[in-house]
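Thanks for asking me to look this one over. Here are my notes, point by point, to read alongside the structure.

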Amino acid sequence: MDYGLHLDPGETITRVVRRHILDVVPTLLVSVVLAVAAVFLAYIMGRSPELAPFPPDLMAVLIATMTIIAAIIFVAAIFVYRGNVLIFTNTHLIQIERLAVFQRRVSQLSFLMVEDVTGRRVGLLQVLFNYGNVEVQSAAEREKFIFKNAPRPELIADEALQIHEECLLRKDMGSLPTP
């Protein structure tokens, strides 16, 4: 998949992490409930129009509007969910955050600058379903990278530290330039 990134020569993507599926479930449930309500209203209009709370023309507009809004919410939720990724390359950690349909932020950090990586699960759902935040502290004065709701955060943290150590070895051997 094309993430709109420009990688350095010799740089390859080694791992792509998406948020846990439970991150998008609440928004999808809203769209499903709205669609079910529209179907219910359509059923009432077809079976017993006298029970409808509004005139038939207004009910038709209401049902169509609810269906369109449910579809927009569903598509936007999937789009935003798929747009949040943490990418490991052989030299960089890249976080792409899709905060909204028209809001995207890309942050990049050299693995040489990584000081600490923590996988953190807090709360019953995160512990039960094994997802949580991956926090990356860098040597720079920048704030932490925090990738929210990642599946198996401790495993991802271990992989990031392993790539960090490999980068340090390549740097010591002279095959990797200093950032």
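This is a predicted model: local features need pLDDT of at least 70, side-chain atom pairs count only at pLDDT 80 or more; totals for chains, interfaces and linings use all residues.

1. From helix 1, the residues T27, L28, V30, S31, L34, A35, A37, A38, L41, A42 and M45 meet P56, M59, L62, I63, M66, T67, I69, A70, I73, F74, A77 and I78 of helix 2. Sorted by class, this contact has 20 nonpolar, three polar and no charged residues.

2. How do the two helices lie against each other? Two packed helices are described by the angle between their axes and the distance between the axes. Here the axes of helix 1 (residues 25–47) and helix 2 (residues 56–82) come within 8 Å and cross at roughly 160°. Helix 1 is therefore roughly antiparallel to helix 2, since an angle over 145 degrees counts as such. The crossing of the pair is left-handed.

3. Next, the charged side chains. Side chains of opposite charge can pair when their charged atoms come close. The model has six salt bridges in its count. One of them joins R15 and E159, with an N to O distance of 3.1 Å. This pair links distant parts of the chain, as R15 sits in strand 1 (residues 13–18) and E159 in helix 4 (residues 153–172), 144 residues apart.

4. Please also look at D23 and R19, whose side chains form a salt bridge at 3.5 Å, N to O. Are the two partners buried or exposed? D23 counts as partly exposed because its relative accessibility is 25%, while R19 counts as buried because its value is 13%; the cut-off for buried is under 20%.

5. E135 is buried, with a relative accessible area of 12%, whereas K144, at 40% relative accessibility, is partly exposed. Through shared partners, salt bridges join R120, E135 and K144 into one network.

6. Finally, which residues deserve a look for their backbone angles? N149 has a phi near 55°, a positive value in a residue other than glycine. N149 belongs to strand 7 (residues 145–151) and counts as buried at 16% relative accessibility. R152, also not a glycine, has a positive phi of about 50°. R152 lies in the loop between strand 7 and helix 4, and at 38% relative accessibility R152 is partly exposed.

Definitions and conventions:
Residues are numbered from 1 along each chain as its sequence is written. Side-chain values use heavy atoms; hydrogens and water are left out. Axes are lines fitted to C-alpha atoms, for helices over the stretch in contact, and angles run from 0 to 180 degrees between N-to-C directions. Helices (H or I, at least four residues) and strands (E, at least two) are DSSP runs, numbered from the N terminus. Angles under 35 degrees count as roughly parallel, over 145 as roughly antiparallel, 65 to 115 as roughly perpendicular and the rest as oblique. A crossing is left-handed if the near helix is turned anticlockwise from the far one by less than a right angle, and right-handed if clockwise. Contact means heavy atoms within 4.5 Å. Ala, Val, Leu, Ile, Met, Phe, Trp, Tyr, Cys and Pro count as nonpolar, Asp, Glu, Lys and Arg as charged, and the others, Gly among them, as polar. A salt bridge is a side-chain nitrogen of Lys or Arg within 4 Å of a carboxyl oxygen of Asp or Glu. Buried means under 20% relative accessible area, exposed over 50%, partly exposed in between (1.4 Å probe, protein chains only).
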